[in-house]
Amino acid sequence: MSMKSIVGKGLNKMGTKWSKYDKLWVVFSIVLILLGSIYKFSFIVDSTSNILLEIISGVLAVCGVTYVFGIAKQSKVAYFVGIANVILYAVVCYSKGLYISAGYNLLYSFPVMIYGYINWGRVGNEENDGIKSLSKLGRVFLAIGMIFAV
């Protein structure tokens with residue numbers, strides 16, 4: 001079985017149909033993250049660094065990107081990836097001494113993931129239920145806000 005068919009079958013199980021562009025973007029993003037992690041890993045590894053945390057950080061990045069793409073494609077399965085992402089991030093934060101970030105992920109993000117998973121299909125059956133597009137004035141304000149945010 002080729003890599004292309006494995007990626008295609010796996011992604012099509014995650015929500016709405018994925019176009020070739022979507023599949024290419026996911027694979028490109030994950031490869032870029034993995035290459036960045038390998039590059040970072042090759043320079044950081046010394047006697048004081050924790051190799052396991054560096055590996056978990058790479059997996060964490062891939063989980064985060066996969067979760068975002070899954071949610072964008074309306075996949076309920078993506079919440080499992082998001083839950084793994086939140087738990088791994090809390091472990092990394094705790095081990096690095098970032099106790100507030102670890103607590104935030106376990107006490108806020110984790111319950112929100114569970115709530116989202118449970119309530120995913122309860123809103124309604126209509127497509128775009130509750131989703132509105134911005135007016136032209138709203139788009140102008142959004143653009144101004146984005147410029148000032150940078």
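Predicted model: local features only at pLDDT ≥ 70, side-chain atom pairs only at ≥ 80, totals over all residues.

Student: Why is the pair of Y67 and Y79 called edge-to-face?

Tutor: Two values decide the matter. The ring centres of Y67 and Y79 are 6.2 Å apart, and rings pair if their centres lie within 6.5 Å. The planes stand at 65 degrees, and an angle over 60 counts as edge-to-face. The pair is therefore edge-to-face.

Student: Which parts of the chain does this pair link?

Tutor: It links distant parts: Y67 belongs to helix 3 (residues 51-72) and Y79 to helix 4 (residues 78-95), 12 residues apart. Both Y67 and Y79 are buried.

Student: Why does S29 count as buried?

Tutor: The relative accessibility of S29 is 13%, and buried means under 20%; S29 therefore counts as buried. S29 is located in helix 2 (residues 20-44). Leaving aside residues up to four places away in sequence, S29 touches V65 and F69.

Student: What makes I144 partly exposed?

Tutor: The relative accessible area of I144 is 39%. I144 lies in helix 6 (residues 136-149).

Student: Which residues form a nonpolar patch on the surface with I144?

Tutor: The patch consists of L137, V140, F141, I144 and F148, and their accessible area together is about 570 Å².

Key:
Residues numbered from 1 in each chain as written. Heavy atoms only, no water. Helix = DSSP H or I, 4+ residues; strand = E, 2+ residues; numbered from the N terminus. Buried < 20%, exposed > 50% of the residue type's maximum accessible area, 1.4 Å probe, protein only. Contact = heavy atoms within 4.5 Å. Phe/Tyr/Trp six-rings, centres within 6.5 Å; stacked < 30°, edge-to-face > 60°. Patch = residues over 30% accessible without salt bridge, like charges linked within 9 Å, V, L, I, M, F, W, Y side chains within 5 Å. Areas by Shrake-Rupley, 256 points an atom, 1.4 Å probe, with all protein chains shown as cover. Salt bridge = Lys/Arg side-chain N within 4 Å of Asp/Glu carboxyl O.
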